[in-house]
Amino acid sequence: MYNKGLLIYNGHAGSLTPELLGTALSILSLALPELNVRRTDQPGEAQQLCKELGEQYDVLYILGGDGTVHECINGLALLDHPPVIGILPGGTCNDFSRALMMPQQMAKAAEVLNERYTRTIDIGTVNGQYFTNFYGIGLIAETSQNINPDLKGAFGKISYFLSTLQTVRTAEPFTFHLTHDEGEIDGEAIMIYVANGRFLGTNPLPFPASSLEDGLLDVLIIREAGLPLLRELVSRKTEEVWNPQYSNIDYIRTTKATLTTAQPMPADMDGEIYLETPAELGVLSGKLTFLVGEPVADIQ
């Protein structure tokens with residue numbers, strides 16, 4: 001039974017209208033004796049609010065995109081007794097929301113949150129920070145850095161990355177060294193993508209449904225020869241588990257990893273860029289519980 005809830009929303013989310021916010025609040029308030037609302041306007045504000053207020057609530061709703069979720073998780077993961085977390089789709093891609101099997105229509109998502117199915121989900125860690133969906137270097141970070149600000153609101157960083165990926169012919173390779181549970185790997189790559197979630201730019205990635213709670217990170221190392229397969233992977237619309245045995249993309253599942261590059265490289269986490277390599281990556285398991293779109297028993 002949840003008695004007290006807090007909804008945090010991004011005041012600068014371009015897709016959020018007063019009508020959508022009102023819809024979410026009217027539905028969620030039906031299942032809570034008390035529901036408070038906080039709007040964020042500055043970078044880092046959502047993280048601070050979650051850190052300061054999170055333990056005062058039974059449930060905390062995040063209305064925003066993957067960047068807003070990223071901020072909130074970096075506050076909530078620090079708490080000894082974090083609240084249950086619900087995500088409402090308020091961004092361009094809402095990839096982590098999709099991984100939780102949440103509807104992408106505001107009213108339906110709010111109704112599903114009121115059904116209160118929960119799962120305890122893994123959270124990725126890197127250099128003292130946390131990510132819900134992915135950590136990436138190379139092509140994905142370069143594209144995010146170079147995006148035209150006028151296009152960001154229209155397409156979103158990851159959507160723009162996917163669009164670029166369909167037409168790119170060459171990418172600048174970088175030298176890397178990766179240690180993981182079963183050994184080491186090095187060489188040159190154009191992109192390294194470390195996934196905790198199961199979607200990239202609204203497209204399903206070929207990881208098992210259990211990957212959200214198996215205590216493992218899914219690591220894709222894309223060398224130049226693997227670029228055509230990467231295009232194929234991110235353009236698919238159906239979910240299926242991928243067998244990488246004979247591909248030009250290295251696929252590693254590991255509980256932790258150390259990633260170094262010849263020169264410091266910017267890293268993209270959930271669409272946000274503020275860290276560089278080297279990186280110490282890991283998994284935070286059993287810490288945060290999320291409201292999801294289906295009962296646990298139905299997840300294979």
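Predicted model: local features only at pLDDT ≥ 70, side-chain atom pairs only at ≥ 80, totals over all residues.
1. Aromatic pairs. Three aromatic pairs are found when the whole structure is searched. One of them joins F96 and F290 in an edge-to-face arrangement, with 5.4 Å from centre to centre and 75° between the planes. F96 belongs to helix α4 (residues 95–99) and F290 to strand β18 (residues 279–292), so this pair links distant parts of the chain, 194 residues apart.

2. Burial of this pair. F96 has a relative accessibility of 0% and therefore counts as buried. F290 is also buried, because its relative accessible area is 0%.

3. A stacked pair. The ring centres of F134 and Y193 lie 5.2 Å apart and their planes meet at 15°, so the pair is stacked. F134 is in strand β7 (residues 134–138) and Y193 in strand β10 (residues 191–195); the pair therefore ties together parts that are 59 residues apart in sequence. Both F134 and Y193 are buried.

4. A charge over a ring. K4 is placed over the face of Y57, at 5.0 Å from the ring centre.

5. The setting of T277. T277 is found in the loop between β17 (272–276) and β18. Its relative accessibility is 4%, so T277 counts as buried. The side chain of T277 makes a polar contact of 2.7 Å with the side chain of T261. A polar atom of the T277 side chain also lies 2.8 Å from the backbone nitrogen of M265. Leaving aside residues up to four places away in sequence, T277 touches Y135, I137, L259, T261, Q263, P264 and M265.

Definitions and conventions: Residues numbered from 1 in each chain as written. Heavy atoms only, no water. Phe/Tyr/Trp six-rings, centres within 6.5 Å; stacked < 30°, edge-to-face > 60°. Helix = DSSP H or I, 4+ residues; strand = E, 2+ residues; numbered from the N terminus. Buried < 20%, exposed > 50% of the residue type's maximum accessible area, 1.4 Å probe, protein only. Lys NZ or Arg CZ within 6 Å of the ring centre and 35° of its normal. Polar contact = N/O pair within 3.5 Å; in protein donor to acceptor, adjacent residues only side chain to side chain. Contact = heavy atoms within 4.5 Å.
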